[in-house]
Every structure is written in structure tokens, then in C-alpha cells.
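Student: Hey, I've got a protein open on my screen and I'm a bit lost. Can we go through it together?
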Amino acid sequence: MPSLRPPGAPPDPWTAFAQTSERGPGRIRRAVRVVGRGLIHEYALVVYGSLLLAVLVTWPALRYPLHTFPHDIWDPSRQAWQVSWTGHILITDPARLWQSNAYFPEPYSFAFGDHLLGYAPVGMLGEGPLAAVLRYNILFVLAHALLTIGGYALIRQLGAGRTGAIVGAAAFAYAPWRLAQEGHLDIVSAGGIPLALAMLARGHGWSMRYGFRPDRRHAGWAAAGWLVAIWQLGLGFSLGLPFAYVLALIIVIVAAAVLVRRLRRRSPRPVLGWRLLITDGLGILIFAGVGAIIALPYLRVPDYGPAATEIRFFSPPLRSLLIGPAESRIWGAPHAVARESLGWPAEMTLLPGFVLYALALVGLVFSVWRIWQRLLLLTAVVVGVVFTLGSTFFDGRWTYLPLFGHLPASFGVRVPGRLMLWVTLLLAILAAGAVAEFVRRAEHLAAHRMPPRPGPWLRLATFVPLLLVLVESWSTIAHPVVPEQPSAMRTVTGPMLVLPTAALTDQTVMLWSSTRFQQMANGSGGFAPQRQSDLRRAVATFPDAASVQYLRTLNVNTVLLLRKQVAGTPWERAGDVPVDALGIRREDLDNDSVVFRLN
């Protein structure tokens, strides 16, 4: 031994050998390892699978992404215009963000519906209707993928296993009631809600299954959660405002729990460190500040009627929770008669899926969640259903109306059925608990076998709920072709009026204006002012003295008549009427367009 060598003896060569450390990997090799581990990480695989599933479920949205829209061409046209407008105006003149080119001369016209400001960076890429249609289809598919990613992240963070989280995420993202909303990008874009909740829960070291774990706190995840929450609020108030109410409720509950824990001195260290307190404080202030700034234009838009009347019109009956939309391949035809009994089927077919109902019921008695947590989830589901029913439940006096009845129509929160989002999420958490418990017991039984792993049939059985959920989400959504932009829309300047004008066709005109964004009196969709109806009545006889004078009072100096669009409208013969006596000029641009110069 080296320690027993006599004095004066030469050093032991093996000692020098043992002190030579092995050379570590270089920077390139370490970077490759990090990238490789990231590419096969659990959440990386979730992203790949979510993107693939979104493409398949929304197919053929990406088959002809330059020429078709999912569901219909009306609301998607308007929302494609919205994304284009935000990208265009933030580059050219940000001060005019809320003074859009449509609805001229109405002020704050961009506040006539959900603003989709969160998609503004995408709107800066490309120009014109073709780019707007392509952009919309890509966002449509990505929004579905984010629904799955967000649902998986939240359910996984709460404590469910991978299989349970996959089933719950799919049930949340592709519930049958969503098929009736596929024409509304602002409603489809709800994936930021569960994703923000998952990040906030992870940042605070909390899960439903394991409670608070202070050693897993991370202020970075909490900051990311607040950023996602702010982004979700930046997509619109129809989903963002209920989300803000839920966040406020969670903050109150967490504050009360922390206070009780401190008073009882149950923890040797504080539940929330100073970093988390600062992060949460800044997150709350920025979230509230962004919401208040965005709300200012909406508060300046004149309302057009009492909120209670509209809420009562859109409030669904209790049976709507069992009725599937017409776009469902499984439940569309069987529920056709039931849908006829609904006042507004597009917003009242609220079936989240019979498979989800069954799994959630099983989750009440067979789950990885504790019994008191299941009862709490059941209570939350009942409360969510009560709010979803709007004024149907005791006229909504103590539920929906106190929270949303005092808000102007421009906020877009007068459709109670859209709160089905929260009911579906809670049911998905209950269902994930049942699937996770089944997988846990299957693995426990397989541990006593040789080899100690589940067999192929047992593994396949764990994915049967996922297959059933996806089958129930099978849709028959149409993908109509977008009308081609008239060439005159690329040359005629405003302020202008495009004829024919109607509540639906004006949304396509808004899309066509995304080349020049010229000011025009046309506009529709979302929240539309009463003046739009007055405008259409006043110009129904154009060209005549009364309509010309009316347009001049609005400072509209150009009228563009699209001959291909006027068949069956009041303007069918407007292009051939003599106008010399009216003091205006008519120009035939081509076989399809006629321009009237009013000045």
C-alpha cells in the first residue's frame, strides 16, 4: 500500500494514475446531448403528437390552405381580416389600432368583436387575402394542437399519469360541442387557459395529487404562466374575461390557504418565497393592466340593447348538454329532431361527449384522486353547468347576470353556452383520474408476472378510452372555397361602400380589403353597431338622390358595385341606371365592377 512504503522509496506509479481524471465531453458533444434529450422529452413527444392529431382531426384544413375556410366563409373571413389588420397597423401606424378601415366612419371600430391581438405577430407576415386565408388555416390547426398540449400539461401537473392525461386532453380538445364553434377562431383558441394554469401550478409546486411541495417551486414557471395568461387575455374577452374571474377566485383561495397555513405554523418554511410573491404580484398587476387598457375602447363603443334580453335569448336549456351539433358525424343525424327544439342550435348544442360523461362518472368512484377531491370536482362541474345555463337557472339573477349582465355587448360575453369550456375541462380531469387509476392497477398486476410489464393486450386496453373519445369527435365540417378577390378591390380607394352589402357578405368584403385596407362603410360580425342596419336600409335604392345624399353625409365618396355579386339583391340593376341627374360619375372598370364617384 502507498501508505506503508518505507521512507525514501520512489512514489507508487498507481497513485499518479488514480489522480488523473477522465476527460469530460466537449461543448459540442454536451450541446448535442442536451438537444437529443429535448427532442425525446415527454412534452416534446406531446407536441409532436398534438400537431399530428390536430392536422388529422381538422383535415382537410391544410389540403387547400390558400383557398378554403373551415366551417363557413363568413366569420373566418372577418377574423382573418382582424389578424391581418393588427399585423398591418402595428407596423404602419400603431396609434390607429382601434380605428380600423371597416365600419367607416364609426370610431373604435376594431372593438366590434374579439380583437385577436395575441396573433398580431403572425399578422405581420404576408399581405393580401391569400396570405390572410393561409394564416387563418395555420392558426386554426395550431389552436387545436394547443388545446391538447394545454389540457395534457394541466392534467399531468395535477398528478394523473401519461395515459390519463392523454385521454383527458383529447376529450377536452375535441369535445363534440366544439364542432359547432369551429368557425370562431377566438373560441377555438382556448389552449392558453389550461396551459397557463399548468405553468402556474408547477411554478408554485402544487399538484392535486401531492399538494404543495415547496422544494419544487420555481418562479420561472410562474412567470411563464402569467405570460401565457396575458396572451390568452389578448385574444379576446369572450373567453378571457371568464378566465380572469377564475384566476381571481384561485388567487383568493390560495391567499386564504397560505394565511391559514401561516397561522397554524404547519410548515417550517413559507409556502410562497419572496421570488414567487414578486412574480405573482407583477403578474397580477400586468394582467389587470393589460386587460384594463384593452377594455377602454370596448367601453367607448355604444351599446345597442339590454344585456339581459340577449343573454336570455342565448341561454340554453338543461337538455342541451345531451344534444350534439349538426357537424358531428356520430350525433349529428340522431339528434336532428332534438336540435329543432333549441332556440339557437349553433350556441346550444353543448354535448361534451357521452364517452367523457361515462369516464367522469367512473372517476367519481374509481380514481387516483382522493374522495374529497372528486366531490370538489363534481361540485365545480355543477356550478359550471349552472353558469353555462345562463338565465335558464332562476333567470340567472345570482349566477350569470351579476358577473356578465352589466357588461356592454362589445365584450362578447352574452352567450352563456361558451362557458361549457370549463365544464368540459373539469369532466376531463375526472375522466383522467379514472383512466390513470386503471393504468396504475394494470401495472400493479403486471408487476407480479414474468416479465414484470403489461402485455400487449393490456397496453391496448388502456388506450381504448382514447380511441372512443376520438371517434366521438369525428366531424362533417365543410371547407367552402373562399370567393376570389375582385380586381377592383386592389385599386379603388376609400372612403368607399361596396355593394351589395349584407350582414354576411360584408365579412368577405372585409377580407378583400386586406390588400390596401382602404376605409369602407362595410362591416359585420361579432358586435355590429345599429348604424350598419340603418346604412343598408338607406342605400337599398342606390343610385338615387336620397341614398347619394346619405352617403355624402357619411363622407363616403366612392361606391363600388360588384356585378357578379348583385344577382337577387336590390342592386341588381344599379349598374345600368342613369346617374347624370344625380351629380355623380360612373366608371365601368371591367365587366365585373362599376365605380360611382359621389364627389
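This is a predicted model: local features need pLDDT of at least 70, side-chain atom pairs count only at pLDDT 80 or more; totals for chains, interfaces and linings use all residues.

Student: Okay, and where does S328 lie?

Tutor: S328 sits in the loop between α13 (307-314) and α14 (336-340).

Student: Is S328 buried or exposed?

Tutor: S328 is buried, because its relative accessible area is 2% and buried means under 20%.

Student: What does the side chain of S328 reach?

Tutor: The side chain of S328 reaches the backbone nitrogen of I330, at 3.4 Å.

Student: Let's talk helices. At what angle do α10 and α12 pack?

Tutor: Helix α10 (residues 219-233) and helix α12 (residues 274-300) pack at about 5°, and their axes are 9 Å apart. That angle makes α10 roughly parallel to α12, because angles under 35 degrees count that way.

Student: Which residues meet there?

Tutor: On the α10 side you'll find A219, A222, A223, W226, A229, I230 and L233. Their partners in α12 include L276, I284, F287 and V290. Sorted by class, the contact of α10 with α12 has 12 nonpolar, 3 polar and 2 charged residues.

Student: Switching to strands: what is the order in the open sheet of 4 strands?

Tutor: The order is β3-β4-β6-β5, and the pairing is mixed. At the edges are β3 (496-499) and β5 (585-588), each of which pairs on one side only. From one strand to the next, the twist averages 20°.

Student: In which sense do β3 and β4 pair?

Tutor: β3 pairs with strand β4 (residues 558-562) in the parallel sense, over 4 bridges. For an example, look at L499: its bridge partner in β4 is L561.

Student: I also clicked on H184. Where is H184 found?

Tutor: H184 is in the loop between α7 (162-173) and α8 (185-188). H184 counts as buried, since its relative accessibility is 15% and the cut-off is under 20%.

Student: What does H184 touch?

Tutor: Not counting residues up to four places away in sequence, H184 touches D75, Q79, E347 and R418.

Student: Last one: which helix is V55 found in?

Tutor: V55 is found in helix α3 (residues 42-57). V55 has a relative accessible area of 26%, so it is partly exposed.

Student: And what is V55 in contact with?

Tutor: Setting aside neighbours within four places in sequence, V55 is in contact with L62 and V141. As for F140, V55 and F140 are 85 residues apart in sequence and 9.8 Å apart in space, C-alpha to C-alpha.

Notes
Residues are numbered from 1 along each chain as its sequence is written. Side-chain values use heavy atoms; hydrogens and water are left out. Axes are lines fitted to C-alpha atoms, for helices over the stretch in contact, and angles run from 0 to 180 degrees between N-to-C directions. Helices (H or I, at least four residues) and strands (E, at least two) are DSSP runs, numbered from the N terminus. Angles under 35 degrees count as roughly parallel, over 145 as roughly antiparallel, 65 to 115 as roughly perpendicular and the rest as oblique. Contact means heavy atoms within 4.5 Å. Ala, Val, Leu, Ile, Met, Phe, Trp, Tyr, Cys and Pro count as nonpolar, Asp, Glu, Lys and Arg as charged, and the others, Gly among them, as polar. Two strands pair if DSSP finds at least two bridges between them. Buried means under 20% relative accessible area, exposed over 50%, partly exposed in between (1.4 Å probe, protein chains only). A polar contact is a pair of N or O atoms within 3.5 Å; within protein, one must be able to donate a hydrogen and the other to accept it, and residues adjacent in sequence count only if both atoms are side-chain atoms.
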